[in-house]
Amino acid sequence: MKSRHKHQLALLSAALFAVVAFCSMPLVVHAQEQKPLVFTFSGPVRGSVTSAGIREFLGIPYAAPPVGHLRWRPPVPHAPWFAPHEATQFANHCPQPPSPFGIASVTEDCLFLNVFTPYSRDFFRPRPVMVWIHGGALVFGESNDYDPTALVKDGVIVVTINYRLGALGFLARPAFAGEKTDPDRDRDTDPNSAGDYGLMDQQLALRWVRDNIPFFGGDPFNVTIFGESAGGLSVFSQLASPRSEGLFHKAIIESGAYALNTQTLAAAEAAGTAFATAAGCSAQTAACLRALPVTTILANENFAGYTPNIDGEFLPLSLNTALATGQFHHVPVVQGSNHDEWRLFTALDFDLTAAGPIATNEIPYEAALATLVGPAAPFVAAQYPLASFPSADIAFAAAGTDVVFACPALGADLLMSQFVPVSTYEFNDENAPQDFLPPVSFPYAAAHASELQYLFTLPVTVPRPPLNAQQLQLSSAMQHYWTNFAKFGNPNSPGVPVWQEFNPAAGNFQSLIPPSPLQETNFATTHHCAFWAALLSGQ
């Protein structure tokens, strides 16, 4: 792999090239204000300027299409081009089935990124860079759903990326692991990794940003990665991957602590074996798998979602172990979750199915809890008694929120804060509009992903009211927190309520509640984290 010395030389070369390119550009390049042209190491890209005054460079290829012999291999940098690449429209997004959380696609040529910059020619003041990793259970989603105009207007450059999803991004098979590859083209060969290809895509995109963002006016030494749900889990994974060293300098994790006990390679390969058999490749050969139609792959993948796996190369340790032992990149972190995360999944698993809402009596309630915690369901039912909740759905969702998201997030805060500054939050708008699903028998409240509309402009997929005046005030505060952190490594600045660094003894977190965030210290109690710690330690 490339050494740190090579990385430093690449950065120096990028900076020098950017200066020379800028100084030597013909005047017409600067004059074409509505069609800005930027020269990169990959080739020239021509973007556009939005009505809000944001320069957009959309659909820039950062990797060769992962098709044919490149399917289920680490990504390879895209070959350079010489004529201007028209970067005025979003490009393909990665294969996925239809869902409320992404647009169906069968196009494997999907490794593109988008760059959004303030409209300014202030070249000699490099701007902080924020790289967004979308969520979607590592199965759904695309980069073009997140309009970062508000963040960019606050003085940062935002990059959004596509990466391989589902089985195409995370299938682990011994047939793949035994192959030798040279993904970074440095004339050595590396053992292939089994699974985690989507995470490798993210990392290659970060290398592209490191090498090319100076040409857009960005600072390659001030890069923040941020993501939500599977994107947040991806941020955890990049923190723990040795190969990410030097590619980012801060991290924001939104609702990403749900799978920190990383699956083993053996478990991932067992799932891969079952997939290959179901897809018609009982011989388990790489050739058969690489010849499968995309539709066959999508039909046989795990719609419930994928998680990374330990592979000894990209991820040498479980994420929990890496955080506990300090074997992760020591950068400042913002991390948090939403107060009612599991209401989204309760709607998907019950109300929006033929079964309907969970009946409000003990037997169906405990049966639902058993799908979440197995034989511990009676103990959980006693901790979350039906009489304390308006419905069985809301009781079940409270338990799911706490065991899957809230308490693991607190656990990660406690581990990381031993080594790095951590700023913790909980998104608490109980009246947040629902962005993805139709109405159900209970209010969604601060459900999973409901904070995204406070940071980005999202596409309208279901009817929803606009944010009201108090919610817009919260939105502005959150956007400033995120961009302040990207600029300074601290979310604070004049004009927003003070956000104190996490203190494990106090258990403080910033409650993101309209109209104005405030500090609270009752997170562990509210989410029954002592109960869950005791219960899970006994299993």
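User: Which cysteine does a disulfide join to C407?

Analyst: This is a predicted model, in which local features need pLDDT of at least 70 and side-chain atom pairs count only at pLDDT 80 or more, while totals for chains, interfaces and linings use all residues. Residues are numbered from 1 along each chain as its sequence is written, and side-chain values use heavy atoms, with hydrogens and water left out. A disulfide is taken here as a pair of cysteine sulfur atoms within 2.5 Å; at an S to S distance of 2.2 Å, the cysteine joined to C407 is C529.

User: How many residues apart are C407 and C529, and where do they lie?

Analyst: Helices (H or I, at least four residues) and strands (E, at least two) are DSSP runs, numbered from the N terminus. On that numbering, C407 lies in helix α15 (residues 392-416) and C529 in helix α18 (residues 529-537). The pair therefore links distant parts of the chain, with a separation of 122 residues.

User: Is C407 buried or exposed, and into which class does C529 fall?

Analyst: Buried means under 20% relative accessible area, exposed over 50%, and partly exposed in between, with a 1.4 Å probe and protein chains only. C407 has a relative accessible area of 13% and is therefore buried. C529 has 9%, so its class is likewise buried.

User: Which handedness does the link of C94 and C110 have?

Analyst: The sulfur atoms of C94 and C110 are 2.1 Å apart, and C94 and C110 are both buried. Both cysteines sit in the loop between β5 (85-86) and β6 (112-118), 16 residues apart. The links of C407 and C529, at -95 degrees about the S-S bond, and of C281 and C288, at -85 degrees, are left-handed. For C94 and C110, the angle is 85 degrees, and the link is right-handed.

User: What is the pairing of the bonded cysteines in sequence order?

Analyst: The count comes to three disulfides. When the bonded cysteines of the protein are numbered in sequence order, the pairing is 1-2, 3-4, 5-6.

User: How far apart are N and O in the salt bridge of R46 and E86?

Analyst: A salt bridge is a side-chain nitrogen of Lys or Arg within 4 Å of a carboxyl oxygen of Asp or Glu, and the structure holds eight. R46 is buried, with a relative accessible area of 19%, whereas E86 counts as partly exposed at 45%. For the side chains of R46 and E86, the N to O distance is 2.7 Å.

User: How many residues apart in sequence are the parts that K487 and D154 tie together?

Analyst: K487 forms a salt bridge with D154, the closest N and O atoms being 4.0 Å apart. K487 lies in helix α16 (residues 469-488) and D154 in the loop between α3 (149-153) and β8 (157-161), so the pair ties together parts of the chain whose separation in sequence is 333 residues.

User: Which residues are the closest to the centre of the second largest cavity?

Analyst: On a 1 Å grid over the protein atoms alone, a cavity is a set of points where a 1.4 Å probe fits but cannot get out, and lining residues have an atom within 4 Å of a point. Grid points are joined across faces, edges and corners, and a volume is the space filled by probe spheres set on the points; the count comes to four cavities of 30 Å³ or more. About 60 Å³ of space lies in the second largest cavity. Of the 13 residues that line the second largest cavity, the closest to its centre are L410, D413, T424, F509 and F523.

User: Which elements each supply at least two residues of the lining of the second largest cavity?

Analyst: Ala, Val, Leu, Ile, Met, Phe, Trp, Tyr, Cys and Pro count as nonpolar, Asp, Glu, Lys and Arg as charged, and the others, Gly among them, as polar. By class, this lining has six nonpolar, six polar and one charged residues. The elements that each supply at least two of the lining residues are β13 (333-338), α15 and β14 (422-427).

Conventions: On a 1 Å grid over the protein atoms alone, a cavity is a set of points where a 1.4 Å probe fits but cannot get out, and a pocket is an open set with protein on both sides within 12 Å along at least five of seven lines; lining residues have an atom within 4 Å of a point.
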